[in-house]
Amino acid sequence: MSYLTYPRLHFSGGFLADPSTVNNTPDNYTDANNDVAKLQLYWNPNGTGIFDFQSCLVTKVVYGPGDETTDPAVDPVIGQPVNAVYTMAAPKLVDLDPDQQNTSEIWGLSLQVAGITTNPASISDFVRGDYVAGSYNAVWAQAINGPRSSGSGCGVYQSSLTNLSWTTAAKPQSKFLSLLQQQSPQQLSVNFVVNAHNNAPVIYLFNKDTLQALEKKGVPATITAKLLPMTRYYMNLDSKGVPANLGSVPTESYVNNRLTILLGQADADTYRATILATTLAPPPSPVPPPNINTLFPTGLLTGTIGPLPTATPVFYTPSRMMAPVTVPNSNAQCNYAPFCTQEINKSDGSNEVLITVNLGNSLATDKPGYNDPAQGFGIALSALGELFLVYFDQNQGTGISLNNAVTIAALPNDPAQMAELMTTSGGILTVKVDPTLLPPGLTVQQAEQKVLTMPLGLMGKKSPAPVIWLAENINGYNLRADQFVFRMNPGIPTSPDQPNGATALVRLYATRFGQPAANISLQATLMSPEDSVTYTSNTMGTGGTSGLKNIAIPQNALSFNTAPVLTNAQGMVELKIVGTDPGFPRASQNVDGQIYFVRYNFADQTIAKSYTQHPDDLISILLFSQQTFPENPTWDNCIQTILPQYAKLYPIMGRFKLDDYATVVQYAEPISVVLAKPIDDALHMPVIRDLSIQRTQVILKWFANKTPK
């Protein structure tokens, strides 16, 4: 059971992702770079770190095969909110490290479906659970006509909801919630896709022309002179290492922050409206979809919640997988699509095979977003062609080819129907073999058996010839790590109470045609420093970041079994990784610890060469430095080497002035409270969770000792 099976609930809406971006390059960390005019601001320097669901509503429930509804009169859970619920602090979006920004995790998120609200249509039935903090994956550039940025990007989060709270009356209002509670009372599987984020970035231009325009509008020259530092701000370096687009300052929030600092509160309040209106850059093209707020810093979200048995992977559903096939001379592409096949018993005693495929993160769009095809924001059917599921009959020729492709089912090939699939159904499609599409002489029963034992694919029928966009491994293999992001602290024992110690346990799951692949050899290797820089430089998350160097050294700081290991009866291998002190390999940039990447694959080279692994299917590890601090820490002998960096990297925390001893002492209680919070608490600081256990402990000890200077 999982979100791919039954019962399942689909929801759709938007999300807010508001990370701070001053920490997006290790170049900003160095103590030598404390002038704000020399910092690379990137796109959201005043970010709060908040992640939140926005206007997400239940769109469909599926009780079982062929039994579903989108009608609130049939099941009142339809149209009910799917919300992040919190009282003290909103959930946080967290990158692992400036050298690995392609594993953005959500921490401190609790989700609730339905429940009493101010809406008269709300229902008392609800379920609430804690999202186990985890990263997105399978990130790609989905929009054909869009920049290589989060506006065109798309990725998927999958995790578990635990610590469930249910309220279903003796006479439940929602048949679906009652059924879900019966089948999966302890934990749930949740999968949601995010895309079209920051589709309309807000930029303010401070240059000679805009300053002159301000003076023409009555802003005194004494005020515009104070704005001259803004003309030297920049978002990032170009490919030659030169500041790009001087005077382009992102976000109203950050501009307001700088106006207050440069002009003083009174003058900032007097001239703020004129300055903002005059310097605002024209909006980008394409414009956001009109029927959802994807203005800064929000995007689109669609998802699914379903049952999850105990003792199963947290972040991954062992399943079958269709992988991209390289199509020469094409600007369109598709992304990895997980799917499962189910053999069910029909009422007449016969069997039927169902195919459920998750296309939510798999199909290219024309522009960012897929919810308004009439305005050009839809699946790129003109580029992909009419889409069909096929299987590749290995009895007609080994491999993946149009010559052995047998068409078994059609996708919704009308733009409006495809938009409904992607939003109302979370991109999840269940089909069965269509007898009208089969070649003469092939029965449905024969085709169903081939579906269970032969590779499946996605084909587009277009001129001048059909195209294979996705294909399963010819032997049906699939491989994924469950948890794939780790923070490790050398010298600290790992335990249930302290999972981020010196050891990490990685569970690798292998399947063959959806079933556990037992007695298959898997092998893990540590990525070299050179390959590590190449890999992270080419990801959607970290690509374009300056200062990527000195990664994955020393190589001997991580140790694990690099020999082939056989999977058990569940198709699983446990890989124990041990971390020791890496020293300070990034000391020149003042970045603590080190980033490492561990690759895994099938040890059998015949299987490995035929297997198309997602480039991001690897283990990302932040290994902190092991340090010795004074027995009696003071501000002068150690604390001033830790806290001030956060004042620079997180302007939103400006009121705490973490680089000023007197102000830190003034705010000692609230700072120490959030530092002591568990890492999975939304209130935990620092938001980025890049403070080692040892550093945190010495700061808390200093606070406990009454903050000696």
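Eight strands form an open sheet in the order 19-18-21-22-15-16-17-20, with antiparallel pairing; strands here are DSSP runs (E, at least two residues), as helices are DSSP runs (H or I, at least four residues), numbered from the N terminus, and two strands pair if DSSP finds at least two bridges between them. This is a predicted model, in which local features need pLDDT of at least 70 and side-chain atom pairs count only at pLDDT 80 or more, while totals for chains, interfaces and linings use all residues. Residues are numbered from 1 along each chain as its sequence is written, and side-chain values use heavy atoms, with hydrogens and water left out.

**The open sheet**
- Strand 19 (405-410) and strand 20 (428-432) are the edge strands, each of which pairs on one side only.
- From one strand to the next, the twist averages 30°, where axes are lines fitted to C-alpha atoms (for helices over the stretch in contact) and angles run from 0 to 180 degrees between N-to-C directions.
- Strand 15 (residues 320-324) pairs with strand 16 (residues 337-345) in the antiparallel sense over three bridges, and the bridge partner of Arg-320 in strand 16 is Phe-339.
- Helix 8 (residues 444-453) packs on the sheet, touching several strands, including strand 17 (351-358), with whose direction its own makes about 45°; contact means heavy atoms within 4.5 Å.

**Strand 14 and its partners**
- Eight bridges join strand 14 to strand 1 (residues 8-18), and the two run antiparallel; Gly-14 has Leu-300 as its bridge partner in strand 14.
- Strand 11 (residues 188-195) is also joined to strand 14 by eight bridges and runs antiparallel to it, with Leu-301 in strand 14 as the bridge partner of Val-194.
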